[in-house]
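User: I'd like to go through this one with you, starting with the fold and then the surface. Can you take my questions one by one?

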Amino acid sequence: DMGTSKPSASKEIDGKLRKIMVDFLEAPVTGGVAQARSGDLGALVGGSESLLEEMMPILKTMCRTIQYFGPVGSGNTAKLLNNYIVLGMVSLIIEAFNGAKKADIEWEKLYSVVKCGSADSMALDRIIGNAVQGDFDGYVFSIKNALKDADYIHELARSLDIDSSLPQVIQRFFSNAMKSGDPEANISQLLKH
């Protein structure tokens, strides 16, 4: 399973498949369509190491980096922690540049300076790098999928006893975005609101 799922769902699938003698491997990926086409995805693998070795030739056709994290559930835990970082950055980028618009600060100028510091990232490039060119679909990931992942992240944070309101804030950000527009729109479209 290469999708992003709740770790508990992966464990449940694994348990059901074990009863009928079927091995299960989770390998959620980082990256998008462009990275899949060029073979530059990253796989976060959970399951049996021996099954991973069997599946390695398949994973290598689309993944530049393949990391084994442990038993089933650990791959999706690592993926959700990755997405926690990404969705947090995306939320901040959108909020900051919408604030810049309200303050009459030119996006292109702000973008050129932000790129010189610690806030430089692929998310910044996909969202703002494209938006300054008039492309508000530069980050190809739907608001609906962002909220799904934010929901999973919030649940994971509770299960790990992470004492922070940040998962809830990110979840609320994308929940509000769902209510105010097209759930299938790419998250970079939120710059228009």
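Analyst: Helices (H or I, at least four residues) and strands (E, at least two) are DSSP runs, numbered from the N terminus. This is a predicted model, where local features need pLDDT of at least 70, side-chain atom pairs count only at pLDDT 80 or more, and totals for chains, interfaces and linings use all residues. Residues are numbered from 1 along each chain as its sequence is written, and side-chain values use heavy atoms, with hydrogens and water left out.

User: How many helices and strands does the protein have?

Analyst: Reading from the N terminus, the order is α-β-β-α-β-α-β-α-α-α-α-α. That comes to four strands and eight helices.

User: What share of the residues counts as buried?

Analyst: Buried means under 20% relative accessible area, exposed over 50%, and partly exposed in between (1.4 Å probe, protein chains only). The protein has 193 residues, and the buried share is 44%.

User: Is Leu-81 buried, partly exposed or exposed?

Analyst: Leu-81 sits in helix α4. Its relative accessibility is 36%, so Leu-81 counts as partly exposed.
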